[in-house]
Amino acid sequence: MTRSKVINGLKPVLFTLPAMIPFILFWLAPLLYVLYLSLTEWDFMSPDKTFVGLQNYADLFSNPAFYKALRVTVLFCAGSVLPVISIGLGLALLMNGKLGGSALYQALLFSPWVTPTVAVSIVWSWIYEPDVGLANTVLNSLGLESIGWLQDPKWALIGVLLVTIWKSVGWAMIFYLVALRNVPSDLLEAGELDGASALQKFFRITLPLISPTTLFLFVVQIIQALQAYDQINVLTQGGPSGSTRTLLYLYYQSAFESFQIGEASAVAVVLVFICMLLSVFSLGVSKRTTHYQ
Amino acid sequence: MRIFTRLGQPVRHLFFAVLALLMAFPFYWMVTSALKTNDEIWRSPPTLWPEVPLWGNFAAAWNEAPFARYMGNSIFVATAIVVLQIINSGMMAYALTHMKFRLKGVFAGVILFGYMVPATAVYLPGYLVLSELHLLNSYGGLILSNCVSVFAIFLVRQAFLQVSHELVEAGEVDGASHMRILWTVLVPVTRSSFAVLALITFIEQYNNYFWPMLITKDPALQLVSAGLRSFFVEGGAYGLKWPLIMAASSFTIAPLLLVFLLAQKTIMQSVNMTAGSSKG
């Protein structure tokens, strides 16, 4: 090979390096590293890591705290994803079609998504204040009793979920508005000519046609729910008595508060595994059932 | 949907007007609480508008913690990340869409794989990698560790795929270098994707909390979310400084609401593109 040929062959690689080097350093290497750390015992301070094989996983799977965190994670995912998607769709259906001023409504409904989770969570923690907070004031004025929004283990997760839903629902609505606009009107008209009722048209035509959006929102929202940290950190820090401690929060606490690196890494690997399973699952589903136009 | 449109415009207007106000209410509550005195904010039932608005609370909160520094840090770091991401995702996407090379499939696969890995789950080893590189507690660490985004690469790749090969080939015939073709032909054609990328990345990075907090212990390097959070804890989340905390939250949020107001169309458009790029 001549020199210029070598250079020409190298060019594409040079183009990829600015992205690949940080990608390998900050994504791929950590991923392999965490896999290795999950097989060791280490306290972050001592120079040596002891190789313990699958012991951390065995410990994890026999630890009730893990199952509690897993349960909270599932509740958190279901409790945020399902409302966000269904309310988002409902609002988009209501707003679809001519509605003057809808740009203003969209902006107002969408604005929570733009703002920092930490800042809005602080505002919500004031709203949830037990004695004079707005949430309890409203409840009291309706003749209901006050709730320990963030102090009562029965309610804390709901309190965190409300903030999470509030933050994303407008975002989901915008996605659905775009999807609804892309449903061809001649299909709906054809359905109408065939005598389909509004509900039939919705379930037979609209819903299948917007299914790629639903699938996308579903996956993105679940992955976001699995990674939720900011609002939990500000509102409850995993408490009270672990009622809002998700797997990610458990990982954070065992890694950076109690320095059990091996065990924390095992939790991280489980999280990564769940996310990959979900992504692969969604890829499979989208190939089989969704309708791309 | 006919059932809903049949409800009639006035009903729908009323519904959305009420809902939009409810959704925006926490922001109103934040600003009005920031204007109250300690006594008033702890009064029950709460007042909807402060008796005497104390605009000085904003200045007091601003001076009580180095918020200028925090916000400056956030804006600087977010801007640097935006610039780097535009450069590296532009180049990466160009290689993936308009160049032929042997490792292409491998690289594309690795990136797709990265799409499935939750960033938060690898924070611990990421922290160790940064410490090996002596990048903890530095702007370099904050910027470099965030300078590549799989989403950005997907978004730009999707945009480049829509550009016809002929445009690129014409450039090659003219003897233009790849760099020239990328920055003077492709990027201008796909600028709306880059605008979306810049806005979304800026918002995301300005709001970033967990990771920057982990890798910077030096208060002078704190980003605004972490700074606000420590002000919240120190200022006595349980103490008496709620009006100042609300004031601080207000000016933390303000730049983003301003960006949103100015670039609303592009941000809304981004929704369309995100959905598109995720379809691969």
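**A look at chains A and B**

Leu10(A) sits in helix α1 (residues 3-37) of chain A, where helices are DSSP runs of H or I with at least four residues, numbered from the N terminus. This is a predicted model, so local features need pLDDT of at least 70 and side-chain atom pairs count only at pLDDT 80 or more, while totals for chains, interfaces and linings use all residues. Residues are numbered from 1 along each chain as its sequence is written, chains are lettered from A and ligands numbered from 1 in the order in which they are written, and side-chain values use heavy atoms, with hydrogens and water left out.

With a relative accessible area of 44%, Leu10(A) is partly exposed; that label covers everything between buried (under 20%) and exposed (over 50%), using a 1.4 Å probe and protein chains only. An α-helix has 3.6 residues a turn, so residues three or four places apart point the same way.

Next comes the interface. Chain B puts 96 residues into the contact and chain A puts in 89, contact meaning heavy atoms within 4.5 Å. About 8,600 Å² is buried between the two chains, and carbon and sulfur atoms give 82% of that. Buried area here is the accessible area (1.4 Å probe) that two parts lose on being put together, summed over both. On the chain B side, Phe16(B), Met23(B) and Leu124(B) supply 9% of the area buried against chain A, more than any other three residues. As for salt bridges across this interface, the rule finds zero; it asks for a side-chain nitrogen of Lys or Arg within 4 Å of a carboxyl oxygen of Asp or Glu.

Over all chains, the structure holds three salt bridges. In one, Glu192(A) meets Lys201(A) at 3.0 Å, N to O; Glu192(A) is partly exposed at 37%, whereas Lys201(A) is buried at 10%. In another, Glu51(B) pairs with Arg43(B) at 2.8 Å. Glu51(B) is exposed at 54%, and Arg43(B) is partly exposed at 33%. Glu64(B) and Lys241(B) also meet, at 2.5 Å. This pair links distant parts of the chain, 177 residues apart: Glu64(B) is in helix α4 (residues 56-64), and Lys241(B) is in the loop between α14 (224-234) and α15 (242-262).

Some residues are well tucked away. Ala172(A), in helix α7 (residues 156-181), counts as buried because its relative accessible area is 0%. Leaving out residues up to four places away in sequence, Ala172(A) touches Val84(A), Gly88(A) and Leu217(A). Over in chain B, Thr97(B) belongs to helix α5 (residues 67-98) and is buried at 9%. Among the residues that Thr97(B) touches is Phe160(B), which lies 63 residues away in sequence but 6.7 Å away in space, C-alpha to C-alpha.

Methods: Helices (H or I, at least four residues) and strands (E, at least two) are DSSP runs, numbered from the N terminus.
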